Every structure is written in C-alpha cells, then in structure tokens.
Amino acid sequence: MTTEPILKGRGLVKRYGRVTALDRCDFELYPGEILAVIGDNGAGKSTLIKAISGAVVPEEGEIYLDGQQVLFQSPIEARAAGIETVYQTLAMSPALSIADNMFMGRELRKPGVMGKVFKKLDRPAMEKFARQKLSELGLMTIQNIRQPVETLSGGQRQGVAVARAAAFGSKVIILDEPTAALGVKESRRVLELIQDVKARGIPIILISHNMPHVFEVADRIHIHRLGRRLTVIKPGDYAMSDAVAFMTGAKEPEKEAA
Amino acid sequence: MSPQDSSSDSYESSLSGASSDVASFEDHHKGFVGRFHDLLHGTPALVPLIVLVAAVLIFGLVLGSNFFSPFALTLILQQVQIVGVLAAAQSLIILTAGIDLSVGALAVLTSVVMGQFTFRYGIPPFLAVLCGLAIGTGVGAANGWLVSKVKLPPFIVTLGMWQIVLAANYLYSKNETIRAQEIEQQAPFLQLMGTTLKLGGATFTLGVIMMVVLVFALAYALRSTAWGRHVYAVGDDAEAAQLAGVNRHRTLMSVYMLVGFICGLAGWVMIGRFGSVSPSATTGVIGNIQSITAVVIGGISLFGGRGSILGAFFGALIVGVFELGLRMAGANPQWTYLLIGVLIIAAVTVDQWIRKVSA
Ligand SMILES: Nc1ncnc2c1ncn2[C@@H]1O[C@H](COP(=O)(O)OP(=O)(O)OP(=O)(O)O)[C@@H](O)[C@H]1O
Ligand SMILES: [Mg+2]
C-alpha cells in the first residue's frame with residue numbers, strides 16, 4: 001500500500017504484573033478501511049485498542065496519528081483527537097439516562113445566561129440528538145430516552161454505546177466486540193452502520209470473534225496472537241478456517257503479509 | 001473463494017420478512033408495585049419525604065398544637081441546621097462512593113480558626129471567616145488528593161484526618177473557649193448566621209436559610225449541570241466514567257474541596273447557633289455519624305451514584321422531628337436513638353429494593 005497509515009503503532013508493550021498483554025506489538029490502520037482484529041481470548045486485543053484510545057498508557061512503543069506521534073494519557077485526549085471507542089465493557093453509567101450517557105464528558109449547555117452562568121444542561125437538545133442517533137441506527141424505537149441505562153437489556157446497551165461512538169467519531173472509530181450481545185437482526189444493523197461509517201470516509205477498527213461478520217465487512221484482518229500481531233491477511237485470500245488456524249496457532253502463516 | 005457466500009446468508013436470509021419495530025423500549029404493563037418501584041427509582045427523595053410528612057402528622061396528632069405550631073416546627077429547623085449543612089457535605093462524598101469521617105471535626109476546627117484569628121491576631125472578623133473557609137477547603141483538598149491520587153480508601157483517609165483535625169483543633173486553641181459575650185461585643189460578624197428573622201410565630205435564623213439555599217443549590221448542580229452528572233457517574237462506576245470521558249481526578253478533587261468549604265460554612269453556622277467558639281463542641285466527635293445517619297435515612301446509597309441530596313436534607317429533618325417530638329412527649333431520649341436505628345436499617349432495606357432493576 002502506498003498511502004500512509006492514519007493510525008500506526010510500533011513496538012507497543014503493556015504488562016499487567018507478570019502478564020505481558022502487549023508484547024512489542026505493531027499495528028496499522030489505513031484511511032477509509034475497515035480493519036478487523038481477531039485473536040483468542042486473552043490474546044491482548046482489548047489491551048491493544050485501549051493503548052490506542054488512551055485508556056491504558058503503553059510502557060514502551062510509539063503511536064502515530066496522521067504521521068504525528070501522539071501520547072494519550074486519557075480517553076479524553078484520544079477523543080479530542082477524533083478517536084471514538086466502544087469498549088468491551090461499554091463504559092456506561094448504569095444509573096444515568098441514555099441521553100446523559102451519550103453526552104458524558106461533552107454535555108451541551110443551554111444558550112445564554114442559564115448556560116453560561118448557571119451551567120445548565122440543555123436536556124431537550126441532548127435528548128433530541130440521542131433519540132435521533134438511536135433511530136438512525138434503527139436498532140430500537142425509543143419510548144423513553146430518560147430511562148436509566150441499567151433498565152436496558154445488554155443488547156440495547158450495546159446499541160447505545162455503538163450509537164455514541166458513531167455519532168461523535170470524526171477520525172477513527174474503534175469497536176471492541178460490538179455485536180457480542182446483539183441478536184441476529186441487531187447485529188445486521190450494526191454491520192450496516194459500520195458500512196455507513198466507512199462510506200463517510202471514517203476508518204474502523206473492529207474486534208470480533210464472529211468470523212462470518214469479520215470476513216464480510218473487513219478490508220484487512222489483523223490476526224493477534226500472544227500479545228502481538230501474527231500477520232495481516234486479506235479476507236479474499238484466505239478461508240475462515242485458515243484465519244482460525246493462524247489465530248489458534250494450529251498453522252503458521254508463510255510470511256508477514258499485506 | 002468468497003467466504004461470505006458460504007454462511008452468513010443462510011441464517012440471516014429470513015430477516016427480510018422480520019418485523020421492523022425492533023427492541024422497543026415501550027413500558028410493558030406493570031402492576032401498581034412495579035409502577036411505584038419505577039417512581040422511587042426515578043425520585044429517590046420520595047421515601048424520606050413521605051416518612052417526614054408522616055412523622056410530622058403523627059406527632060402533630062398526638063401532641064396537638066404544642067408541636068404543630070410555627071414555633072416548634074421552625075425550632076426543628078434551627079436544631080438541625082448544623083447537621084443539615086454537614087449532611088449536604090456528606091451527601092456529596094457518599095455520592096462518589098466515599099465516606100467522610102472528618103466533616104464534624106473540620107467544622108469545629110474552622111469555627112475555632114474564625115474565632116482565634118479574630119481574637120488572637122486581631123484580623124477583621126470578615127477576613128477571619130474567609131480564612132476559616134479557606135482552611136476547610138484546604139483540608140478537603142488534602143482528603144481528595146489522598147483518595148484520588150494516592151488511591152487510599154476514603155474511610156481510612158478521613159478516619160486519620162478526623163483525628164488529625166480534632167487534635168490540631170485542641171492544640172491550636174489551647175482548649176480555650178471564646179465566650180459568647182466577648183464575640184457579641186467585639187466581633188458580632190462571627191455570629192451573623194445566628195441572626196433571627198421572625199415571621200409570625202415562626203423563627204428563622206440566617207443559618208437555617210443558608211442551609212436551605214445550600215441544599216437547593218447543590219440539588220440543582222447535581223441534577224442540571226455536567227459537573228453533577230460526573231459526580232454520579234464517578235460514584236456509580238469510576239472506571240466506566242473515565243472511559244466515557246470524565247476526568248475522575250478533577251471531579252473527586254472538586255467534590256472533596258467543596259465539602260471542606262461547606263464544613264467551613266458549618267463552622268460559621270455553629271458560632272451563630274452557640275454564640276461561643278468551643279473546641280470541645282460535640283459536633284467534632286459525633287458530627288460525622290450524625291451526618292451519615294441523615295444521608296442514609298435520606299436514601300442515598302452508600303455504594304455511591306444513587307440518591308438525591310434533598311433526601312439527605314429530609315433525613316436530617318426526620319431526625320430533628322423525632323428528637324423534638326419525643327422530647328415533648330416526655331419520652332426517655334433513648335427512644336429517639338432506638339427509632340433512628342430502626343429507620344437506618346429500614347432505609348437501607350428500601351434502598352436495596354429500589355436498586356433491584358426489575359420489581
Ligand atoms: N486490568 C487488567 N489487569 C490485569 N490483567 C489484565 C487486565 N486487563 C487485561 N489483562 C490481561 O491481559 C491479557 C490480555 O487481555 P485482553 O483483555 O487484552 O484480551 P482480549 O484479546 O481482548 O480477550 P477477549 O477476546 O477475551 O476480550 C489477558 O491475559 C488478561 O488477563
Ligand atoms: Mg477483549
């Protein structure tokens with residue numbers, strides 16, 4: 001590929017005590033593509049995207065965004081740079097409403113004195129936006145946007161988290177198993193949403209254990225094993241069984257591909 | 001080969017005929033209990049409010065106009081003003097899933113600072129009050145830093161700070177009381193919060209008004225500002241809040257510093273209420289437990305992130321109603337403690353029930 005990666009990681013290392021979750025891991029994401037990341041449980045996929053999104057600070061290695069080295073100390077900084085993430089744990093506050101959760105950390109204030117002096121939240125505007133984004137996603141018809149997130153089903157919660165990322169991501173969107181709790185129909189909607197986001201020109205990192213989904217939407221597949229990138233394949237070049245074999249170590253790839 | 005042909009269509013093809021209204025949030029029909037449960041879930045201050053109104057009515061029926069008079073009812077407000085202000089502070093900490101054992105001692109220390117700065121150093125009373133508030137804020141900041149940055153449990157941090165502040169208070173004041181008369185003559189500003197306003201039989205003090213304004217201002221901030229939402233989010237699940245873009249450290253620091261400041265206000269209210277400045281005021285020893293009691297009766301969850309500060313205010317009033325009512329009825333004061341004990345356990349039971357998502 002001749003274009004420069006929009007996001008690039010080099011030699012990333014992260015240890016949790018004696019566990020090395022990331023072991024000199026390299027990584028690239030190119031403009032406009034959908035990059036799937038697959039790997040066994042505990043391979044370090046979530047840790048990799050946490051390092052990229054500022055949720056953990058890698059002990060070694062560099063991350064480049066648009067060719068510029070970045071060192072995010074917190075998710076807030078990564079978000080400010082346009083990287084939006086759906087974490088595997090969803091990062092929701094159960095007792096707060098759907099709208100409050102969607103706008104957590106970037107709340108809208110009322111115009112004029114109420115907003116400036118009294119810092120009053122513009123709830124109607126936030127609720128309208130949240131309702132609109134959720135209907136766009138088509139995942140759900142919302143009756144009560146003020147409903148606490150803890151009263152939603154696991155899949156509905158996941159839908160809200162995906163809608164939040166899709167609504168605010170401007171540069172890169174990272175999805176850590178966004179369909180794990182979703183039904184067949186809802187998963188389909190998320191896959192369509194991923195295609196929509198791609199059509200908007202925003203590249204996506206998709207972590208998933210669902211091989212048919214991965215092979216359907218991904219432009220490239222990053223296979224993660226034992227804390228590092230084993231290889232990158234194109235879905236057209238290999239069968240799902242090959243990918244699974246690489247992932248589990250049953251088979252070795254011939255070369256550092258792609 | 002093209003792998004997607006092999007599998008994905010096979011089971012998803014039937015989707016085309018599926019109904020298009022998916023995963024609706026519509027409230028399905030719930031029984032009366034279910035709807036009541038939802039109401040409590042959304043309005044957690046409702047339970048203490050009901051208990052408060054019921055307690056006032058029952059004591060009013062039993063004791064008649066003695067109790068059910070503007071004088072007696074506003075007397076309750078005066079008697080709870082210190083605990084009420086401390087409970088407002090305690091609510092903020094408990095909403096972040098913490099606890100503050102140092103609030104009462106800090107109130108006493110700041111009142112001592114206000115008095116001693118005026119009388120020992122000749123600082124104008126207005127400035128001395130500001131110094132007291134500043135020292136309160138500073139101690140709060142120390143608590144906050146130890147909790148947020150050093151990541152010590154709030155219980156341990158404030159257990160230590162309680163002892164430190166209480167001892168510093170005795171050492172600094174040399175255990176001397178500044179008498180009410182002296183303050184009245186030389187620095188009446190220190191007693192400002194004790195200024196009374198009469199309205200018919202009702203008597204309000206500035207301290208009472210300050211308490212009410214403070215509670216409603218905090219209720220507004222917690223409900224309708226981003227800061228308030230962040231306080232709830234950090235208390236509910238700090239990890240999730242941080243991933244969602246909340247600055248956990250800044251939120252915690254702001255809460256602990258604000259709480260220190262409010263303890264300073266409580267110290268000022270104490271001077272107004274007692275007239276004198278005494279380092280051995282009982283608030284230093286039991287203020288923490290009194291405020292936690294009000295918060296728990298008020299339905300704020302000790303696990304953080306749930307409850308309303310209005311509830312804590314009602315909790316403080318409930319305790320005040322029981323104390324005055326039982327005293328007027330001539331009951332042994334131990335009955336008050338016994339009933340408050342029952343209320344605490346009942347409140348936590350109700351809290352557990354409310355926290356259950358499906359009734
Ligand atoms: N907060 C943590 N503390 C300690 N160890 C951790 C922590 N997070 C991850 N690990 C360890 O790091 C390794 C990689 O975990 P990670 O969550 O990145 O895996 P994953 O590839 O996302 O797995 P899964 O498919 O199950 O989500 C695991 O061995 C895990 O035990
Ligand atoms: Mg994971």
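This is a predicted model: local features need pLDDT of at least 70, side-chain atom pairs count only at pLDDT 80 or more; totals for chains, interfaces and linings use all residues.
Let's start with Phe168(A), which is partly exposed at 22% relative accessibility.

Across all chains, a search of the whole structure turns up 11 aromatic pairs. One of them joins Phe168(A) to Phe103(A): the ring centres lie 5.6 Å apart with 80° between the planes, and the pair is edge-to-face. Phe103(A) itself is buried, with a relative accessible area of 2%.

Now turn to chain B. Phe117(B) and Tyr172(B) have ring centres 6.4 Å apart and planes at 70°, so this pair is edge-to-face. It links distant parts of the chain, with Phe117(B) in helix H6 (residues 103-121) and Tyr172(B) in helix H8 (residues 154-173), 55 residues apart. Is Phe117(B) buried or exposed? Its relative accessible area is 16%, so Phe117(B) counts as buried, the cut-off being under 20%. Tyr172(B), at 22%, is partly exposed.

Tyr172(B) has another neighbour to look for: Arg120(B) lies over the face of its ring, 4.5 Å from the ring centre. Back in chain A, you can find a charge over a ring at Tyr16(A), where the charged end of Lys14(A) sits 5.2 Å from the ring centre.

Methods
Residues are numbered from 1 along each chain as its sequence is written. Chains are lettered from A and ligands numbered from 1 in the order in which they are written. Side-chain values use heavy atoms; hydrogens and water are left out. Rings of Phe, Tyr and Trp (its six-membered ring) pair if their centres lie within 6.5 Å; planes under 30 degrees apart count as stacked, over 60 as edge-to-face and the rest as tilted. Buried means under 20% relative accessible area, exposed over 50%, partly exposed in between (1.4 Å probe, protein chains only). Helices (H or I, at least four residues) and strands (E, at least two) are DSSP runs, numbered from the N terminus. A charge sits over a ring if NZ of Lys or CZ of Arg is within 6 Å of the ring centre and within 35 degrees of the ring normal.
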